[in-house]
Amino acid sequence: MKKKFSNPCIRCGRERVFVRSWEEKIGESIIVNTQTTCPNPECQKEVDKDNKKQRDRMTAMRNKSLERAEERKIARTAQRLTQKNKKKK
Ligand SMILES: [Zn+2]
């Protein structure tokens, strides 16, 4: 049984064309990725640009939060060390 799914383009609303699908193993589960493209190449270019912008933003955000987490970890470790030293004396 094949399910027909609708996947309109976010820019022009036209039905996107299937390009390829592949399986990806993430941990214990296998997810199926599907790549589609807009029937209008010019529109797809814009979509790609938007996607890239969004990805860059996400990466920047992730890096920032990782940095913050790292800083917190260092601060906690430092605090623990000073507390230990105090107890020894
Ligand atoms: Zn489009």
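Figure 1. Ile-10 counts as partly exposed, because 13 other C-beta atoms lie within 10 Å, and a residue is called exposed at 12 or fewer and buried at 20 or more. In this predicted model, Ile-10 belongs to the segment before β1.

**Figure 2. Val-47 in helix α1.** Val-47 is found in helix α1, which covers residues 41–88. Val-47 has 18 C-beta neighbours inside 10 Å and therefore counts as partly exposed. Ile-74 lies 27 residues apart from Val-47 along the chain, and a distance of 40 Å separates their C-alpha atoms.

**Figure 3. The pairing of strands β1 and β2.** Strand β1 spans residues 17–26, and strand β2 spans residues 29–37. The two strands run antiparallel and are joined by nine bridges. Within this pairing, Trp-22 stands opposite Asn-33 of β2. Another pair is formed by Lys-25 and Ile-30, the latter being the bridge partner in β2.

**Figure 4. The turn of the hairpin.** Two residues lie between the strands in the hairpin of β1 and β2. Gly-27 takes a positive phi near 65 degrees in this hairpin.

Figure 5. Are the residues of β1 buried, or is the strand hardly covered? Strand β1 is hardly covered, and the count of buried residues among its 10 residues is zero. For the chain as a whole, 2% of the 89 residues count as buried.

**Figure 6. The setting of the close-up views in the whole chain.** The chain holds one helix and two strands, and their pattern along the sequence reads β-β-α. Taken along the principal axes, the box filled by the C-alpha atoms of the chain is roughly 75 × 35 × 15 Å. The radius of gyration of the chain is 23 Å, whereas a compact globule of 89 residues would have one near 12 Å. Among the contacts in the chain with a separation of 6 or more, 32% are between residues 24 or more positions apart.

Methods:
Residues numbered from 1 in each chain as written. Predicted model: local features only at pLDDT ≥ 70, side-chain atom pairs only at ≥ 80, totals over all residues. Helix = DSSP H or I, 4+ residues; strand = E, 2+ residues; numbered from the N terminus. Rg over C-alpha atoms; globule rule 2.2 N^0.38 Å. Contact = placed C-beta atoms within 7 Å. Pairing = 2+ DSSP bridges.
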